[in-house]
Amino acid sequence: MGSQLEMAMEGLIKVFHSYSSKEGDKYKLSKSELKSLLQGELGDIMCASKDPLVAEKIMADLDENRDGEVDFQEFVVLVAALTVACNEFFVERLNN
Ligand SMILES: [Ca+2]
Ligand SMILES: [Ca+2]
């Protein structure tokens, strides 16, 4: 039995691979794989954004090495940024 953090990390890895293995390179998210991950796993955040091109923008931001796909290392940058944003929201609510 892992700790809560270990289970969270394992969950992150599992989610990434369940989407990245659908087509092409098994270890990278293509644009359509990234889109279905965002819609399937981050639906609330995606709905909050009214921008129809948000997936394209996220893709362009994340793809550091410009190979047209998002690998795990690039993906965790997104998760870390979103987690920081959620934490700020959480802390704000605690203090009010
Ligand atoms: Ca893939
Ligand atoms: Ca890339």
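Buried residues are those with under 20% relative accessible area, exposed residues those with over 50%, and partly exposed residues those in between, computed with a 1.4 Å probe on protein chains only. By this scale K28, at 23% relative accessibility, counts as partly exposed. The structure is a predicted model, in which local features need pLDDT of at least 70 and side-chain atom pairs count only at pLDDT 80 or more, while totals for chains, interfaces and linings use all residues. Residues are numbered from 1 along each chain as its sequence is written, and side-chain values use heavy atoms, with hydrogens and water left out. Helices (H or I, at least four residues) and strands (E, at least two) are DSSP runs, numbered from the N terminus.

**Model confidence**

- The mean pLDDT of the protein is 91, where pLDDT is the predictor's confidence in each residue, from 0 to 100.
- A pLDDT of at least 70 is reached by 99% of the residues.

**Helix α1**

- The end C-alpha atoms of α1 are 24 Å apart, in agreement with the 24 Å that its 17 residues should span at 1.5 Å a residue; the expected span is 1.5 Å times one less than the number of residues.
- The buried residues of α1 are F16, Y19 and S20.
- These residues cover an arc of only 105° around the axis, which puts them on the same side of α1; the arc is that of the directions from the helix axis to the C-beta atoms.
- The partners against which the buried residues of α1 pack are β1, α2, β2 and α5, contact meaning heavy atoms within 4.5 Å.
- On the face of α1 turned away from its buried side are the exposed residues Q4 and K14.

**Helix α5**

- Helix α5 comprises 23 residues (72-94) and should span 33 Å at 1.5 Å a residue; the distance of 32 Å between its end C-alpha atoms agrees with this.
- Residues E74, F75 and L78 of α5 are buried.
- The cover over the buried residues of α5 includes α1 (4-20), β1 (28-29), α2 (31-41), α4 (54-62) and β2 (70-71).

**Nonpolar core**

- In soluble globular proteins, nonpolar side chains tend to be buried together.
- A nonpolar core is here a set of buried Ala, Val, Leu, Ile, Met, Phe, Trp, Tyr and Cys residues joined through side-chain atoms within 4.5 Å.
- The largest such core has 15 residues, of which L29, L34, L38, I58, L62, V70 and F75 touch the most other members.
- Helices α1, α2, α4 and α5 each supply at least two residues of this core, and α4 gives the most, with five residues.
- Beyond its neighbours within four places in sequence, L38 contacts G43, M46, A55, I58 and L78.

**Salt bridges**

- Side chains of opposite charge can pair when their charged atoms come close.
- A salt bridge is taken as a side-chain nitrogen of Lys or Arg within 4 Å of a carboxyl oxygen of Asp or Glu, and the count comes to three.
- K14 and E10 form one of these, with the closest N and O atoms 2.9 Å apart.
- K14 and E10 are four residues apart in helix α1 and therefore separated by about one helical turn.
- K14 is exposed, with a relative accessible area of 55%, whereas E10 is partly exposed at 41%.
- K28 pairs with D67, the closest N and O atoms being 3.1 Å apart.
- Because K28 lies in strand β1 and D67 in the loop between α4 and β2, this pair ties together parts that are 39 residues apart in sequence.
- D67 has a relative accessible area of 33% and is partly exposed.
- E56 pairs with K35, the closest N and O atoms being 3.4 Å apart.
- E56 belongs to helix α4 and K35 to helix α2, so the pair ties together parts that are 21 residues apart in sequence.
- E56 is partly exposed at 28% relative accessibility, and K35 is partly exposed at 31%.

**Individual residues**

- R66 lies in the loop between α4 and β2 and is exposed, with a relative accessible area of 61%.
- The phi angle of R66 is near 55°, a positive value in a residue other than glycine.
- S32 lies in helix α2 and is partly exposed, with a relative accessible area of 42%.
- The C-alpha atoms of S32 and K22 are 9.7 Å apart in space, the two residues being ten apart in sequence.

How values were computed:
Chains are lettered from A and ligands numbered from 1 in the order in which they are written.
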